Amino acid sequence: MKKTILIISAATLFSCSKKGNENTAVISPEAKKIESINVERRKLNDRIAIRNQQNIFRDLSGKHDLKFTSDETSAFFGTANFEKTGRDLYTVSGNAQSGKNTLEIKGTVKRVSEKHLNFEGVITQKINGTVFKRTSKTTFLDEGKGKFWRLQNKINGSGFVDYIDIYF
């Protein structure tokens, strides 16, 4: 009796063979169609994301000449560095110096047209010992007088006209 039970159990073990990975899910035709649509949507969204990062206007990244001119002092020069952070959006930092007279610019620039740069940040100038800070939103405009954008908020704290130009 023990032998027959042993023979039956051995036969049962060998008769049940394992068949690979039968747990693979069968995907219905409708699920395949949905998945192919999702793949196409991902491709389209990726193309849109790339397109939204491209500038509308010419890229301003890099160094640009910076010039300060005033009725109080002679002109002096420096550089302003533009780093792209988004679509026609840049961080800008730079300075110009002549002796004890200095100009420092830090902030963000959004190019809104070929002629307009909207600036938000701080422009600090120290002219003949007087410090003046500009912190309000302002615009640099290409007035057609040369290859530069000129700060439109020209009157400083002393009532003098300052010309701050960023060359392109």
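How many residues apart in helix H2 are lysine 43 and glutamate 40? I opened the predicted model with that question. They are three residues apart in H2, which spans residues 29-53, so about one helical turn separates them.

**Entry 1: the pair in H2**
I looked up the contact itself. The side chains of lysine 43 and glutamate 40 form a salt bridge, with N to O at 3.6 Å. Next I checked accessibility. Lysine 43 has 44% relative accessibility and is partly exposed. Glutamate 40 has 45% and is partly exposed.

**Entry 2: glutamate 143 and arginine 150**
I moved on to glutamate 143. Its side chain meets that of arginine 150 in a salt bridge, 3.8 Å from N to O. Is arginine 150 buried or exposed? I found 12% relative accessibility for arginine 150, so it counts as buried, because the cut-off for buried is under 20%. Glutamate 143 has a relative accessible area of 25% and is partly exposed.

**Entry 3: glutamate 143 and lysine 154**
I then looked up a second partner. Glutamate 143 also forms a salt bridge with lysine 154, and their closest N and O atoms are 3.2 Å apart. This pair links distant parts of the chain, eleven residues apart. I placed glutamate 143 in the loop between strands S7 (138-141) and S8 (148-151). Lysine 154 sits in the loop between S8 and strand S9 (162-167).

**Entry 4: the network**
Which residues do salt bridges with shared partners join into one network? I noted Glu143, Lys145, Arg150, Lys154 and Asp165.

**Entry 5: the count**
Last, I took the total. The model has nine salt bridges.

Notes: Residues numbered from 1 in each chain as written. Predicted model: local features only at pLDDT ≥ 70, side-chain atom pairs only at ≥ 80, totals over all residues. Heavy atoms only, no water. Salt bridge = Lys/Arg side-chain N within 4 Å of Asp/Glu carboxyl O. Helix = DSSP H or I, 4+ residues; strand = E, 2+ residues; numbered from the N terminus. Buried < 20%, exposed > 50% of the residue type's maximum accessible area, 1.4 Å probe, protein only.
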